[in-house]
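Dear colleague,

I am passing on the structure we spoke about, with the sequence alongside. Please have it open while you read the notes that follow.

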Amino acid sequence: MTSDNNTKAVLVTGAAQGIGKSIAIQLAKDGYQVAVSDLSFQKDKGLETVKEIESTTNSKAIFIECDVSKKDQIFEAVNKTYEEFGSFNTIVNNAGIATIAPILETTEEQINKILQININSVVFGIQAASKKFEELGNQSGKIINAASIAGIEAFEILGIYSATKFAVRGLTQAAAKELASRKITVNSYCPGIVLTPMWDEIDAKMGEYSGRAKGETKKKYIEGIALGRGSEPQDVANLVSFLASDKADYITGQSMVVDGGICFT
């Protein structure tokens, strides 16, 4: 069975809010039918994203409850995406969390949790998408993963988070090599200081360790950005839009920085 070439469908994980929401909306504007995936407690926000997509674009959208740390749930989310839209072309492994603590104070529980969500889920997403592409007659496809500038140069107090994002870059490169013969591209995006609730939490926690007042840590990092401002989620969505388009068909194994000028690689 092959997918409808006239319909393009994407699954975006962690898409109820923040960067994931902006990516989902942008891909809908680009003509994708969109499966908005997130945890069950984010369902209301996820449904709001679905409503926004359907009221502002010509695309359809659905919400899929999914715990990305569970392999079977990611595979099921991919299957539901295909069943709903009759097509499956792209997965955006966007979901992730940050552990904000010095390495010497990071607990085993914190390590296991972030590894499951930031690394395991990317592996499962790659596996699930690749299997579906194979089932659809070995069609080509796109796999796009969430890395970070913390995966290029590690941040203090974000050591374990940084390590997971280094791992995402490695998985992206290895998967790109393994899947190239099947015309499946694998790339990742590396955001910088994105003005979302996650960075508010990072700012507050880092401030506790450094003695800085709320907002000062974020301000310090933003002052070091060449373009002079923090990133909006749409900045990241614009890059993902490119990676998910035909214009990126000859790009694979790359981790592209979108940070306004912090890391220069």
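Leaving aside residues up to four places away in sequence, I160 touches T106, I111 and I114. Please bear in mind throughout that this is a predicted model. I160 itself belongs to helix 5, which covers residues 159–179, and with a relative accessible area of 16% it falls under the 20% limit for a buried residue. As a point of reference elsewhere in the chain, N58 is 102 residues from I160 in sequence, and the two C-alpha atoms are 41 Å apart in space.

Two backbone positions deserve a look when you go through the loops. I157, in the loop between strand 5 and helix 5, has a phi near 70°, a positive value in a residue that is not glycine. N138, which is likewise not a glycine, has a positive phi of about 55°, and its place is the loop that runs between helix 4 (108–135) and strand 5 (141–146). For context, most residues other than glycine have a negative phi.

Turning to the strands, strand 2 (residues 32–38) pairs with strand 3 in the parallel sense, over five bridges. Within this pairing, A35 stands opposite I62 of strand 3. Strand 3, made up of residues 61–65, is mostly covered, since four of its five residues are buried.

As for the chain as a whole, it contains eight helices and seven strands. Its radius of gyration is 18 Å, close to the 18 Å that the globule rule gives for 265 residues, so the chain is as compact as a globular protein of that length. Along the principal axes, the C-alpha trace spans about 60 × 40 × 35 Å. Of the 265 residues, 53% are buried, and among contacts with a separation of 6 or more, 72% are between residues 24 or more positions apart.

With best regards

Methods
Residues are numbered from 1 along each chain as its sequence is written. This is a predicted model: local features need pLDDT of at least 70, side-chain atom pairs count only at pLDDT 80 or more; totals for chains, interfaces and linings use all residues. Side-chain values use heavy atoms; hydrogens and water are left out. The radius of gyration is taken over C-alpha atoms; the globule rule is 2.2 Å times the number of residues to the power 0.38. Buried means under 20% relative accessible area, exposed over 50%, partly exposed in between (1.4 Å probe, protein chains only). Contact means heavy atoms within 4.5 Å. Two strands pair if DSSP finds at least two bridges between them.
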